[in-house]
Amino acid sequence: MEMLLFLAAAAAIAIVVGILYVVLSEAVVKFFGQVSFLEFITGTTWTPTFDNPQYGIAPLLTGTFMSTLVALSVAVPLGLLVAVYLSEFASTRMRETIKPTLELLAAVPTVVYGYFALLFVTPLLQQALRPLGIELPGFNLLSAGLVMGLMIIPYIASLSEDAMRAVPNAMRDGSSAMGATRLETAFRVVFPAAVSGIVGAVILGMSRAVGETMIVVVAGGQQPVIVTSPTQQGATVTAFIAQVALGDIPYGTLEYSSIFAAGLALLLLTLVFNFIAFALQRRFREAY
Amino acid sequence: MSAVDVAERGDITAHPPGLATRRFKDASFIVWGIVATIIGLGTLVALVSELVHDGGHRLSMTFFMSFPSSDPEIAGILSAWVGSILVIATTAAFAIPIGVLAGIYLEEYAPKNWMTSAIEIAVNNLAGVPSIIFGLLAVGLFVQVFDLGQSILTAGITLALLILPVVIVATREAVRSVPLEIRQAALAVGATKWQATQHHVLPYAMPGVVTGVIIGISRAIGETAPLILIGGLTFVAFLPITRPGDAAFEVIGAVDEYGAPVTPDATERVLIDHDGVVVMPDFSEMPVQAGQTYDLPHGATVQSVATWSDAVQSWAPQNWLGSEFTVMPIQMFNWTSRPEAEFRELAAAAGLVLLAITLLMNGTAIWLRYRLRKQIRW
């Protein structure tokens with residue numbers, strides 16, 4: 001029995017090894033066998049499906065960073081406001097009701113969010129921005145990013161709230177005894193004490209945004225261009241992978257290998273983020 | 001401090017200057033907190049009302065019982081929801097046992113060594129891997145190397161791997177919360193470690209495990225990206241399983257892609273199992289009866305109507321695991337990406353169904369967790 005249990009647990013290692021094997025063998029061996037690594041990271045054109053294919057990953061990365069940036073600029077302020085409110089101000093009953101309800105936001109299938117971004121948020125933004133002289137295209141990273149931001153609010157709010165609640169009450173009491181208000185206590189005592197956990201939560205949310213596929217595929221656009229403004233359309237790393245897969249996957253070609261190269265870039269990004277987030281959260285857990 | 005000093009400073013219990021402002025800031029923060037919360041919850045409301053507004057009127061029995069079609073008036077999600085059920089059943093069959101056993105191992109059995117830390121690192125990292133990467137794994141390994149095809153089996157396993165960390169972490173937390181005394185009591189009366197785990201720890205941990213499983217499965221139901229890579233088809237006008245009343249076809253002998261027999265003059269002795277009709281290669285028809293044997297030329301087709309027992313037989317996993325499939329999120333994605341408004345109504349209707357399922361499952365999980373916390377007092 002113990003052996004069986006061990007094998008089940010070891011499956012996790014097998015999956016990680018499997019992912020690394022597949023991505024590395026396709027990306028490193030096949031892709032970088034034909035495309036120079038230098039072109040991959042310094043090139044500014046990504047056109048693997050053209051007759052004269054070019055493999056500069058920069059357009060996909062700018063798309064990913066732009067949508068992530070928009071998402072974070074929504075999710076960080078809102079998520080942290082909610083976290084501080086729930087942890088320092090709300091009654092237990094309020095917290096127990098709001099927290100799980102907010103977590104439902106993370107449970108909505110991402111393809112549904114994609115629909116919402118494309119057919120609700122984009123028209124709304126188009127109307128709102130027209131008076132300002134900005135013509136928002138039907139596909140744009142702004143609405144994809146906004147909706148992505150709403151999606152990751154619960155990740156950031158929930159984990160930050162956990163971090164803040166882990167701060168011992170003695171510190172709050174000390175602050176109150178010195179005459180500080182709850183708000184002052186929250187931002188000058190509790191927040192700094194929980195900051196590594198909070199940063200960890202934000203990075204985890206960021207990692208979610210970077211890896212999110214369906215919202216950007218549906219609402220963000222699919223043309224890989226260097227993105228400089230959120231009102232542009234643009235393809236992300238994930239959107240490119242999905243887009244190639246939506247056609248008939250050309251097994252064994254360089255185009256096929258290119259989705260694994262893009263996957264490798266994505267994997268590295270998220271692994272680094274996750275590692276930092278994990279290390280930070282561990283630090284805050286050890287602090288008290 | 002002399003009496004004079006006190007008199008000079010006045011009433012020391014009076015509010016220090018600026019306190020009113022500080023209190024005002026404190027109170028107004030609550031407003032900000034509530035506003036932020038309302039934006040979050042408002043999103044949910046907006047989402048649901050948008051879907052209801054766009055697609056609510058398309059929800060009907062026909063919608064659930066029709067295949068997708070190029071005519072939006074008669075299109076439905078039959079193949080999608082049947083596909084989703086089959087894929088999710090496969091996912092559950094892999095993810096639940098492996099995830100629960102792995103969770104038990106890590107909490108109850110795992111020695112403190114490098115192997116255990118490696119497993120823990122793997123589980124933690126898997127939880128953060130973007131879902132589309134699992135699609136790459138599926139294409140590169142299951143489809144290309146293991147040759148499982150773009151099938152329900154491939155899709156089911158892929159989603160199982162995706163939700164494995166969720167099930168493992170939930171199981172670990174549930175098992176960890178069972179007090180040590182329960183184990184000690186079982187061991188003290190002579191139970192083996194596995195008996196103690198199976199009969200005493202696991203039952204107490206069950207609500208927590210079930211919560212994790214529900215959340216994991218709900219995530220698998222809504223997952224789209226990895227299945228796009230596997231090649232979940234967007235237009236599936238067949239079911240991997242048979243329904244009673246479905247027409248059943250059996251072609252005699254080998255035929256080429258146009259339906260013409262490879263060996264035109266050969267015949268085959270066939271035992272007919274249902275009443276039906278045989279369509280000959282020259283398109284003449286011959287009624288046949290169950291239990292009789294006929295010598296039929298290659299290229300003939302035996303047509304009959306599936307009975308309940310045929311249908312039930314077709315539900316055995318080996319009959320559908322290898323089949324191509326579509327699932328609800330892919331069907332919704334397909335309709336969303338079409339420009340015609342009618343298809344977007346269908347997308348909204350499919351989205352409503354998806355949303356209802358996932359929110360219901362998550363609601364159940366939350367309720368279970370809440371009840372669990374209330375009921376158990378160690």
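**Exercise 1. Work out how chain B is built overall.**

Chain B has 14 helices and six strands, where helices (H or I, at least four residues) and strands (E, at least two) are DSSP runs, numbered from the N terminus. Next, its radius of gyration is 31 Å, well over the 21 Å that the globule rule gives for 378 residues, so chain B is more spread out than a compact globule. Here the radius is taken over C-alpha atoms, and the rule is 2.2 Å times the number of residues to the power 0.38. Then look at the C-alpha trace: along its principal axes it spans about 125 × 65 × 35 Å.

Before going on, keep in mind that this is a predicted model, with local features needing pLDDT of at least 70 and side-chain atom pairs counting only at pLDDT 80 or more, while totals for chains, interfaces and linings use all residues. Residues are numbered from 1 along each chain as its sequence is written, and chains are lettered from A and ligands numbered from 1 in the order in which they are written.

**Exercise 2. Trace the open sheet of chain B.**

Start with the order: four strands run β1-β6-β3-β4, with antiparallel pairing (two strands pair if DSSP finds at least two bridges between them). At the edges sit β1 (247-251) and β4 (285-288) of chain B, each pairing on one side only. From one strand to the next, the twist averages 25°. Now zoom in on β1(B): five bridges link it in the antiparallel sense to β6 (residues 301-305) of chain B. One of the partners to check is B:Val305 in β6(B), which bridges to B:Ala247.

**Exercise 3. Locate the nonpolar cores.**

A nonpolar core is a set of buried Ala, Val, Leu, Ile, Met, Phe, Trp, Tyr and Cys residues joined through C-beta atoms within 7 Å. The largest one holds 199 residues, and A:Val147 and A:Ile156 touch the most other members. Leaving out residues up to four places away in sequence, A:Ile156 touches residues including A:Ala75, A:Leu80 and A:Val202. Apart from that core lies another, of six residues, among them B:Ile252, B:Val288, B:Leu296 and B:Ala300.

Methods:
Axes are lines fitted to C-alpha atoms, for helices over the stretch in contact, and angles run from 0 to 180 degrees between N-to-C directions. A residue is buried if 20 or more other C-beta atoms lie within 10 Å of its own, exposed if 12 or fewer, and partly exposed in between; C-beta atoms are placed from the backbone. Two residues are in contact if their C-beta atoms, placed from the backbone, lie within 7 Å.
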